[in-house]
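Please look over the sequence and coordinates first.

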Amino acid sequence: MKTTLKIEGMSCDHCVKHVTEALEEVSGVSSAKVSLKEKSAAVEHGAEVTLEALKAAVVEAGYEAL
Ligand SMILES: [Cu+2]
C-alpha cells in the first residue's frame with residue numbers, strides 16, 4: 001500500500017532524513033520517500049499500518065503531518 005502525507009515544518013535535508021527515519025521505523029513500513037520541496041512523504045507499507053500511526057511518527061519526530 002502507498003500513502004502520501006503532507007508534512008509541515010521541514011527546513012533542510014536534516015529534517016528530511018529525520019522524517020524518513022521516523023517513518024521507516026514504524027512497524028510494517030518498507031520505505032519512505034520524503035520531499036522537502038513538495039513537503040510530502042510517500043510511504044510504502046503493509047495493510048496493517050494505519051494513517052494515524054504514520055502521522056504519529058511524524059509528530060513524534062517534531063513535525064506536523066496532514
Ligand atoms: Cu532541518
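From the N terminus on, the elements of the chain run β-α-β-β-α-β, where helices (H or I, at least four residues) and strands (E, at least two) are DSSP runs numbered from the N terminus. The radius of gyration of the chain, taken over C-alpha atoms, is 10 Å, close to the 11 Å that the globule rule gives for 66 residues, so the chain is as compact as a globular protein of that length; the rule itself is 2.2 Å times the number of residues to the power 0.38. This is a predicted model, in which local features need pLDDT of at least 70 and side-chain atom pairs count only at pLDDT 80 or more, whereas totals for chains, interfaces and linings use all residues. Residues are numbered from 1 along each chain as its sequence is written.

**Overall dimensions and contacts**

- Taken along the principal axes, the C-alpha atoms of the chain fill a box of roughly 30 × 20 × 20 Å.
- Buried residues make up 26% of the 66 residues; a residue is buried if 20 or more other C-beta atoms lie within 10 Å of its own, exposed if 12 or fewer, and partly exposed in between, with C-beta atoms placed from the backbone.
- Among contacts between residues at least 6 apart in sequence, 60% join residues at least 24 apart, a contact being a pair whose C-beta atoms, placed from the backbone, lie within 7 Å.

**Sheet and helices**

- Four strands form an open sheet in the order β2-β3-β1-β4, with antiparallel pairing, and strands pair if DSSP finds at least two bridges between them.
- The edge strands are β2 and β4, each of which pairs on one side only.
- Five bridges join β1 to the antiparallel β3, and among the bridge partners are leucine 5 and, in β3, alanine 41.
- Two bridges join β1 to β4, which also run antiparallel.
- Helix α1 lies across β1, β2 and β3 and runs at about 160° to β2, the axes being lines fitted to C-alpha atoms (for helices over the stretch in contact) and the angles running from 0 to 180 degrees between N-to-C directions.
- Helix α2 packs on the sheet, where it touches β1, β3 and β4, and its direction makes about 30° with that of β1.

**Nonpolar core**

- The largest nonpolar core has 16 residues, of which Leu5, Ile7, Val19, Leu23, Ala41, Leu54 and Val58 touch the most other members; such a core is a set of buried Ala, Val, Leu, Ile, Met, Phe, Trp, Tyr and Cys residues joined through C-beta atoms within 7 Å.
- At least two residues of this core come from each of β1 (2-8), α1 (13-24), β2 (29-35), β3 (40-45) and α2.
- In soluble globular proteins, nonpolar side chains tend to be buried together.

**Two contrasting positions**

- Isoleucine 7 lies in strand β1 and is buried, because 24 other C-beta atoms lie within 10 Å.
- Alanine 65 in β4 is the bridge partner of isoleucine 7.
- Not counting residues up to four places away in sequence, isoleucine 7 touches Val19, Lys39, Ser40, Ala41, Val58, Tyr63, Glu64 and Ala65.
- The C-alpha atoms of isoleucine 7 and valine 59, which are 52 residues apart along the chain, are separated by 9.4 Å.
- Glycine 62 is found in the loop between α2 (51-60) and β4 (64-65), and glycine 62 counts as exposed because it has 12 C-beta neighbours inside 10 Å.
- Glycine 62 and cysteine 12, 50 residues apart along the chain, have C-alpha atoms separated by 14 Å.

How values were computed: Two residues are in contact if their C-beta atoms, placed from the backbone, lie within 7 Å.
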